[in-house]
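Q: I am new to this structure and would like to learn how its features are read, one at a time. Could we go through them together?
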Amino acid sequence: MVEPEIVYVDEKRYIIDPQTGEQKEILSDISSVGKERPWAEHKRESLSVEQAYRGVAERSPLEKEYWTSKANRISRCGDYLMFNLYESESGKQQLKVKHANSCRVRLCPLCSWRRSLKIGAHMRKIIDKMQEQNKYDYLLLTLTVPNVPAEELSAKLTQMLKAWNNLLKRKAVQLAVKGWYRGLEITHNVNPFSLSYDTYHPHFHVILAVNKTYFKSANYIHQPEWLELWQQAMQDYSIKEVDVRKIRKSEGESIIGAICELSKYTVKSGDYILSNDWKLTLDSVETLDAALTKRRLVAFGGVMKEWHKKLNLDDEIDGELIEDGDSPNGELIGEVCYAWNVGYQQYLKKN
């Protein structure tokens, strides 16, 4: 097979069809900081996940319809992308996604990426409004539990979510915390030389808003106290570590930017798509799908929830997976559509 040639014209990429010589424009979606948004990379990852769902379907005849249905949804995810096209006074053009058909399967890498961008955009808007009030400082609290085997993961998540609700009811927490964001992350140990190989590590990343007087007040909660509170909420004294630290802006970065960087993927595709171990891939997809389906992956509380409502932000998990940040500078001059081309494994512009 003759590989298609890729050429660059006026900073745009084109594929030259080796049979017809036709020139086809490849999607190039550049962010406001000059980085290429990896649409095609995540679409290709999603197709690998689709094949894993089909693999699980083949070995699970009693649940074949369930797994095949999800595989079919993933296969169609992001097939068509619609963008608004903006042009600045200097003539530079920039895209902003308007619509992307999304499967919303929890393990779809394309949806996970879009979801993380949306969470980040929402956090930016919320923290921006809170910063205007100049009333709050922010903490990053990481709540962990010991690694668990696959068969215990789902029950452990249920226990952790119940424990989180119990933690919020503690008087010390209610006095100290004015608002919060909670995100779930699960990592999977896929190092075959590790003693904890093929175990899962679920944990919460929590952003807490506290009064600026918090660090010198009687309501200040020391790290050992956070650990004890979490142990009590989980009813598990084998937990030995809780991390809590003040979020500080880094060089060249605002506090808003620092906080938005903490919006994470729930689970990264590298933890369940393992090119050198197909059986472990299928086992991992089956485990994580069962554990994450119908779970509340992120949540807001207190003043953060109030601002979420005031800003009329839609649901980060079940809403449209469009990053509703600011539009690019310039005039809206039209719309443009790109479609996934299976043969070229690229998004190509539709005429």
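A: Let us begin with strand 6 (residues 136-144), which is mostly covered, since 9 of its 9 residues are buried. Please keep in mind throughout that this is a predicted model.

Q: Which residues lie on one side of strand 6, and which on the other?
A: In a regular strand the side chains alternate between the two faces of the sheet. Here one side of strand 6 carries Tyr136, Tyr138, Leu140, Thr142 and Thr144, the other carries Asp137, Leu139, Leu141 and Leu143, and all of these residues are buried, which leaves both faces covered.

Q: How many bridges join strand 6 to strand 10, and in what sense do strand 6 and strand 9 pair?
A: Strands of a sheet pair through backbone hydrogen bonds, either parallel or antiparallel. Strand 6 and strand 9 pair in the antiparallel sense, over 9 bridges, and in this pairing Tyr136 stands opposite Asn211 of strand 9. Strand 10 (residues 242-246) also runs antiparallel to strand 6, with 5 bridges between the two, and there Leu141 has Val244 as its bridge partner.

Q: Is His205 buried or exposed, and what does its side chain contact?
A: His205 lies in strand 9 (residues 199-211). Its relative accessibility is 12%, and because buried means under 20%, His205 counts as buried. The side chain of His205 makes a polar contact of 2.6 Å with the side chain of Glu185, and a polar contact of 3.5 Å links it to the side chain of His203.

Q: In what order do the strands of the open sheet follow one another, and which are the edge strands?
A: The open sheet has 4 strands in the order 5-4-12-13, with antiparallel pairing. Its edge strands are strand 5 and strand 13 (346-349), each of which pairs on one side only. From one strand to the next, the twist averages 35°. As a case within this sheet, strand 12 and strand 13 pair in the antiparallel sense over 4 bridges, and Trp340 has Tyr347 of strand 13 as its bridge partner.

Q: How many cavities of 30 Å³ or more does a search of the whole structure find, and what lines the largest cavity?
A: Rolling a probe the size of a water molecule over the atoms shows where empty space is left. A search of the whole structure finds 3 cavities of 30 Å³ or more, and the largest cavity has a volume of about 100 Å³. It is lined by 13 residues, of which Ser112, Arg115, Tyr265, Thr266 and Leu297 are the closest to its centre. Helix 3 (residues 109-133) gives the largest share of the lining of the largest cavity, with 4 residues, and by class this lining has 7 nonpolar, 3 polar and 3 charged residues.

Q: What volume does the second largest pocket have, and which strands supply at least two residues of its lining?
A: The second largest pocket holds about 550 Å³ of space. Of the 20 residues that line this pocket, Lys12, Ser28, Ile30, Gln93 and Gln94 are the closest to its centre. Strand 2 (12-16), strand 5 (93-100) and strand 12 (331-341) each supply at least two residues of the lining, and the largest share, 3 residues, comes from strand 5. By class, the lining of the second largest pocket has 6 nonpolar, 7 polar and 7 charged residues.

Technical notes:
Residues are numbered from 1 along each chain as its sequence is written. This is a predicted model: local features need pLDDT of at least 70, side-chain atom pairs count only at pLDDT 80 or more; totals for chains, interfaces and linings use all residues. Side-chain values use heavy atoms; hydrogens and water are left out. On a 1 Å grid over the protein atoms alone, a cavity is a set of points where a 1.4 Å probe fits but cannot get out, and a pocket is an open set with protein on both sides within 12 Å along at least five of seven lines; lining residues have an atom within 4 Å of a point. Grid points are joined across faces, edges and corners, and a volume is the space filled by probe spheres set on the points. Ala, Val, Leu, Ile, Met, Phe, Trp, Tyr, Cys and Pro count as nonpolar, Asp, Glu, Lys and Arg as charged, and the others, Gly among them, as polar. Buried means under 20% relative accessible area, exposed over 50%, partly exposed in between (1.4 Å probe, protein chains only). A polar contact is a pair of N or O atoms within 3.5 Å; within protein, one must be able to donate a hydrogen and the other to accept it, and residues adjacent in sequence count only if both atoms are side-chain atoms. Two strands pair if DSSP finds at least two bridges between them. Axes are lines fitted to C-alpha atoms, for helices over the stretch in contact, and angles run from 0 to 180 degrees between N-to-C directions.
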